[in-house]
Amino acid sequence: MTATQWQPSELQRTRDAYRRSRARRSWLIALLSSAVFVGALVLSVGTSPGWPRVRESFFDLSLGWQDLPGLLRALWINVQIMLITEVFVLVFAAIIAVVRTLQGPVFFPLRFVAAAYVDIFRGLPLLLVLYLVGLGLPALRLHGAPDSPFVLGVIALTLTYTAYVAEVFRAGIESVHPSQRAAARSLGLTHGQTMRHVVFPQAVRRVLPPLLNDFVSLQKDTSLVSVLGIIDIVLTAENYQSQDFKFVHYVMAGLIFVVMTVPLTRLTDWVARRQGWQGSGGGVV
Amino acid sequence: MSVPQTLAAPLLSVRGLRKSFGKSVVLTDLDLDVPEHTCTVLIGASGSGKSTLLRCLNLLEVVDDGVVELDGQDIADPRVDANAIRSKVGIVFQAFNLFPHLSVLDNVMLAPRRVHRVRRQQAESDAVAMLERVGLSDKARARPDELSGGQQQRVAIARALVNRPRLMLFDEVTSALDPELVGEVLTLIRELKSDGMTMVVATHEMGFAREVADQVCFLDGGRVLEQGPPAQIFGAPQEPRTRQFLARIVAAGRL
């Protein structure tokens, strides 16, 4: 009842007015400084001698616009590679992260293999792995070995990204307080059940932002499979470029990648907020 | 605690304080005076607004309305430098809130070094002296999680005291402690009181409240429903709500 009746006092109204005026002032300053900044940028870039050539080669958007259908068609292959790789990476990375936290001497070989795998594939350049797997493996002519560049590309990306993501998961698992484990074990849950139902769910929530980081990175790195001869969006742009030697085709492909990653970022932010993971970001101080 | 203190200008004076979170109004039209060198104890049921009041006094919450005067300055005003005010008011939390990645000594030295710009040598000797005062100089190099709850809380008190605050706020500082550890913390607060520190203490320890308080305030429905010297509040409470609350405390065996 007080909530509806309450009116701010005279003093509080002057405080609120002060806060509003400060907020207005901040807005104004932001607006002004942005205008000055953009103005200076346009002026200095626009008047520089090389600008007309840059614009013609990089920003002839009427030309770039015509690429759009072709590029988007080629993008489908990147999206396929990305989605399939992501599923494999999540599964394998989770397994390796859990293996690395196993205790007891019996598991030493498993722990050792998992650690060695992570150390090696985190250190190898992705391009090298793509060459080794994508070109080296078919050259062996092993019976039953895959020879489709698509499959080989997915394997190479999975090998590299699993190593990264396993470390992200492991950091998450280790950040869960030991008291959580103690509570779960005290209820009679096994080590495995504790992992599955108590530790891992909390770990995943904490590492969602870095996990997303790795997936955005993966999204971009799908373009590297073009070295195996897969006609993806980058190779398509390269074909266009070789016809008129203008770089706007690459700019368009780049824009498509950026546009693709932004919604993903916003989505995780939204998920995090909805679950109330305020962390130290919440509150007035 | 006798006569003249009520005549002295209060160090802290709260008038018409209001604080709500969304639709729930936690404090409304709350008045409180805390004279210098006295101890005010806040009692009341869980959710009666004790913690919120303390957080408002340390500017950890933005108040909806009302005046909070510290040393004659309205600190609820958005124009004041909140960090400067906070460094004059110490608060100790129920859950200690020590920084787990710092040693005990570094916990105590952090604010002197970074806020008050005390030189390392000076800050360290101040911190060691303060730890000695709370009886923990041998734990200076330990990490907070190596200490018992009572020791951690004493470190938290040292961390607040080392900044020489004008006013100390204690937010149910013994509620998370084992009964045998409560004593060491309360003893420390008693000593502070006899040193003349101005304090506002929210607590469920009624025996302690009775002993250490100059005035007791019973919070109910977001305001100070009844206040007075402990003998009056505990001996002859006027308000039915106060009597009810104290009866429940007695029934729970805590008075």
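This is a predicted model: local features need pLDDT of at least 70, side-chain atom pairs count only at pLDDT 80 or more; totals for chains, interfaces and linings use all residues.

1. Let's begin with the largest pocket, which holds about 650 Å³ of space. It is lined by 22 residues, and those closest to its centre are B:R86, B:F99, B:A111, B:R159 and B:N163.

2. Which element contributes the largest share of that pocket's lining? It is α3(B), with four residues. At least two residues each come from α2 (82-86), β6 (89-92), α3 (104-114) and α5 (149-161) of chain B. By class, the pocket lining has 11 nonpolar, eight polar and three charged residues.

3. The largest cavity has a volume of about 40 Å³, and its lining consists of B:A45, B:F218, B:D220, B:R241, B:Q244, B:F245 and B:R248. Here α9(B) gives the most, four residues, and the lining divides into three nonpolar, one polar and three charged residues.

4. The second largest cavity has a volume of about 30 Å³. Among its lining residues are B:E172, B:L186, B:I189, B:V201 and B:F208. Both α6 (179-194) and β8 (198-202) of chain B give two or more residues to this lining, which comprises six nonpolar, two polar and one charged.

5. A:I84, A:V87, A:F88, A:L90, A:V91, A:F92 and A:I95 make a nonpolar patch of about 580 Å². Within it, A:F88 belongs to helix α4 (residues 61-101) of chain A. Why does A:F88 count as partly exposed? Because its relative accessible area is 38%, which lies between the 20% and 50% limits.

Notes: Residues are numbered from 1 along each chain as its sequence is written. Chains are lettered from A and ligands numbered from 1 in the order in which they are written. Side-chain values use heavy atoms; hydrogens and water are left out. On a 1 Å grid over the protein atoms alone, a cavity is a set of points where a 1.4 Å probe fits but cannot get out, and a pocket is an open set with protein on both sides within 12 Å along at least five of seven lines; lining residues have an atom within 4 Å of a point. Grid points are joined across faces, edges and corners, and a volume is the space filled by probe spheres set on the points. Ala, Val, Leu, Ile, Met, Phe, Trp, Tyr, Cys and Pro count as nonpolar, Asp, Glu, Lys and Arg as charged, and the others, Gly among them, as polar. Patches are made of residues with over 30% relative accessible area and no salt bridge: like charges are joined within 9 Å, nonpolar side chains (Val, Leu, Ile, Met, Phe, Trp, Tyr) within 5 Å. Accessible areas come from the Shrake-Rupley method with a 1.4 Å probe; for residues, only the protein chains shown count as cover. A salt bridge is a side-chain nitrogen of Lys or Arg within 4 Å of a carboxyl oxygen of Asp or Glu. Buried means under 20% relative accessible area, exposed over 50%, partly exposed in between (1.4 Å probe, protein chains only).
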